[in-house]
Structures are given as C-alpha cells and as structure tokens.
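Good morning, colleagues. Please look at the sequence and the model on the screen while I take you through them.

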Amino acid sequence: MSSDTLAKVPAAPEIPEPADAPRIVPQRRYGQWAAAVVVLVLLGLAVNSVLRNKAFQWDVVADWFTSVSILRGLWLTLWLTAVVMVLGFALGTLLAAFRLSANPVLRAVSWGYVWLFRSIPILVQLLLWFNIGALYPQVLGVKTVNLLSPVAVAIVGLTLHEAAYAAEVVRGGILSVDRGQIEAAQALGLSRWRRGRRIVLPQAMRSIVPPAGNMLIGTLKGTSIVSVIAVNDLLFSAQLIYHRTYQVIPLLMVATLWYAVVTTLLGIGQHYLEKHYARGTEHAR
C-alpha cells in the first residue's frame, strides 16, 4: 500500500463521553476533620499547660531522673517484675494443666486456687504474708517471725497472685487450638511432647502473647504496691527522696516518666512478638 493511500485512510472517530456520565467525587469528611482539629487543639493546650506549669519543677525532675537512688530502685523494679513473671507463668502453666486434666481432684484444686487468689486484693495478700508470723508463729519447728524479708514477701505475694491470672491465660490459649489438629497429630502417631511442641504451643502462643504482654506491663506497674512493705523499688526510692526534700510532685514525675519509658519498650517488644507468632495468618502485619 502506498503512502498516499495511507494518508487517505480516515482516523477513528473519538467517542464522546455521555453528557450525563456520573462524576466521581471523593467523600467529604468534614465532621472527622473538625473532630481531629478539636482533639489536636485540646492536646496542645494540655501539653502546653504541663510544660509551662512551674509546679512540676522540670529542672528538679531532670536532676533526679538519673540519680543513683532512682536507678537502683528502677533496677529492683525490673528484677522483681522479671522474677514474678517467670515464676507466675511457671506455676500458672502447671495450674492450667491441672485444669485441663481428666482428674477431677486436680481440676478442683486448680479452680479453687484461681478463685481464691483472684478474689483477694493484692494489697491484702502482701500484708497477710508480711504478717505471717502473727498467724503461724512456727511452721515445722521454724519460727516464721521475720523469716521472710520484704523482698521475699513481695516475690511470694506477687507470684501467687499472678499465677492465678497466668493459669487462665495459658488455659485459654490451649483451648483456642483446633481440636481436629490435635486429633490429626495423634492419628499420625506423634507423641504428646511433640504434639505440644509442634502443634499446640505455636498456635496457642497467638492467643497467649497479647494477654501475657498486658500482664507483664500490669505487673511492672503493680510492683509499685510493694512500697507499702518498705521494698526499695522505684516508687519507694522516689518517696524516700521527697520525704527529705519535700519535692513531692517532681519526684512523682520522675517515677511516672520511668514507668512510661519501660512500658513503652515492653509494648514495642510485645508488638514484634505478636507479629512473630502471627506469621502465616491474616492477622500478621
């Protein structure tokens, strides 16, 4: 075909859009934007009032924030939290196994333990253990008066308290695993140990990690209650200082900021741990 012939071929006509074609307009969210502006303004006013309020004495907060006594109390708080969580979940796992057992006596003992220690406030438990010598002056010929130090009382009281909640967390995680998968593993001849390690535990951890992380953060903050029995934790260290200097608000802010820092770090760790155990599911992000 010659170039003249190609030049004579008419171009395809453009198809005009219909006059009544709907026009896509993004949805206007005036209410959401207005609410966001109001919240940001209120938040800015709150932050400004805190930073500009001289009663907080931020210079005093900065002076005491990394002092030796505060850091020593912080270390005891972290150590106490770690010990209580390890012992609490060890005992709680045993109680969860009892609760899931076919033995009615073990189930009853586990249920009774959880009921009892969830019913008694933690402060009452600490005070009872602190005054155990008044209840039982001797046990197996050993005098119980001053037998337990304040730190030992804190460990015992907090561990027994946390174990009751840990037992329910672990039991709920195990029950969340599909029973059919366990039966399939039994049909394949897997031992109970391998079924628990390969089938039950990885799936149960998806349900265990979120409440366990909340328990860890709650235990960290809950250790502040041991100051009532003179355990030299973070809060008690701050109290000792402001009893001498009468700078109550700045020292309370020191303790508050340290609690906020540690709980933030624990929350970040919990996020990545949840992400690890959620691999392969639609909840993994």
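Let me begin with a definition: a residue is called buried when its relative accessible area is under 20%, exposed when that value is over 50%, and partly exposed in between. The model before you is a predicted one. By that definition, 30% of the 285 residues of the chain count as buried.

I turn to the overall fold. The chain contains 12 helices and 2 strands. Followed along the sequence, the elements are arranged as α-α-α-α-α-α-α-β-β-α-α-α-α-α.

Next, helix H12, which covers residues 248-277. Does the distance between its ends agree with its number of residues, or disagree? At 1.5 Å a residue, its 30 residues should span 44 Å, and the end C-alpha atoms are 43 Å apart, which agrees. The buried residues of H12 include Pro-250, Leu-251, Met-253, Val-254 and Ala-255. Trp-258, Tyr-259, Val-262, Thr-263 and Gln-270 in H12 are buried as well.

I now come to the charged contacts. How many salt bridges does the structure hold? There are 2. One of them pairs Arg-99 with Glu-168, with 3.3 Å between the closest N and O atoms. Arg-99 belongs to helix H4 (residues 68-99) and Glu-168 to helix H8 (residues 150-175), so this pair ties together parts that are 69 residues apart in sequence. Arg-99 is partly exposed, at a relative accessible area of 22%.

Glu-168 also meets the side chain of Arg-171 in a salt bridge, at 2.9 Å from N to O. These two residues are 3 residues apart in helix H8, which means that about one helical turn separates them. As a general point, an α-helix has 3.6 residues a turn, so residues three or four places apart point the same way. Through shared partners, the salt bridges join Arg-99, Glu-168 and Arg-171 into one network.

Is Gly-92 buried or exposed? Gly-92 counts as buried, because its relative accessibility is 0%, and the limit for a buried residue is under 20%.

Let me move to helix H6, residues 122-130, where Val-124 lies. Val-124 is partly exposed, with a relative accessible area of 38%. Together with Leu-128, Leu-135, Tyr-136, Val-139 and Leu-140, Val-124 forms a nonpolar patch on the surface, and the accessible area of the patch is about 630 Å².

Leu-127 is found in helix H6 too, and this residue is partly exposed, with a relative accessible area of 38%. Leu-127 and Val-228 are 101 residues apart in sequence, yet their C-alpha atoms are 8.6 Å apart in space.

Finally, the second largest pocket, which holds about 160 Å³ of space. Which residues line this pocket? They are Leu-116, Phe-117, Ile-120, Gln-125, Leu-128, Trp-129, Ile-132, Leu-135 and Tyr-136. Helix H5 (104-119), H6 and helix H7 (132-135) each supply at least two residues of this lining. H6 gives the most, with 3 residues. Leu-128, Leu-135 and Tyr-136 are among the lining residues of the pocket, and they are also members of the nonpolar patch.

Thank you for your attention.

Terms used: Residues are numbered from 1 along each chain as its sequence is written. This is a predicted model: local features need pLDDT of at least 70, side-chain atom pairs count only at pLDDT 80 or more; totals for chains, interfaces and linings use all residues. Side-chain values use heavy atoms; hydrogens and water are left out. Patches are made of residues with over 30% relative accessible area and no salt bridge: like charges are joined within 9 Å, nonpolar side chains (Val, Leu, Ile, Met, Phe, Trp, Tyr) within 5 Å. Accessible areas come from the Shrake-Rupley method with a 1.4 Å probe; for residues, only the protein chains shown count as cover. A salt bridge is a side-chain nitrogen of Lys or Arg within 4 Å of a carboxyl oxygen of Asp or Glu. Helices (H or I, at least four residues) and strands (E, at least two) are DSSP runs, numbered from the N terminus. Buried means under 20% relative accessible area, exposed over 50%, partly exposed in between (1.4 Å probe, protein chains only). The expected span of a helix is 1.5 Å times one less than its number of residues. On a 1 Å grid over the protein atoms alone, a cavity is a set of points where a 1.4 Å probe fits but cannot get out, and a pocket is an open set with protein on both sides within 12 Å along at least five of seven lines; lining residues have an atom within 4 Å of a point. Grid points are joined across faces, edges and corners, and a volume is the space filled by probe spheres set on the points.
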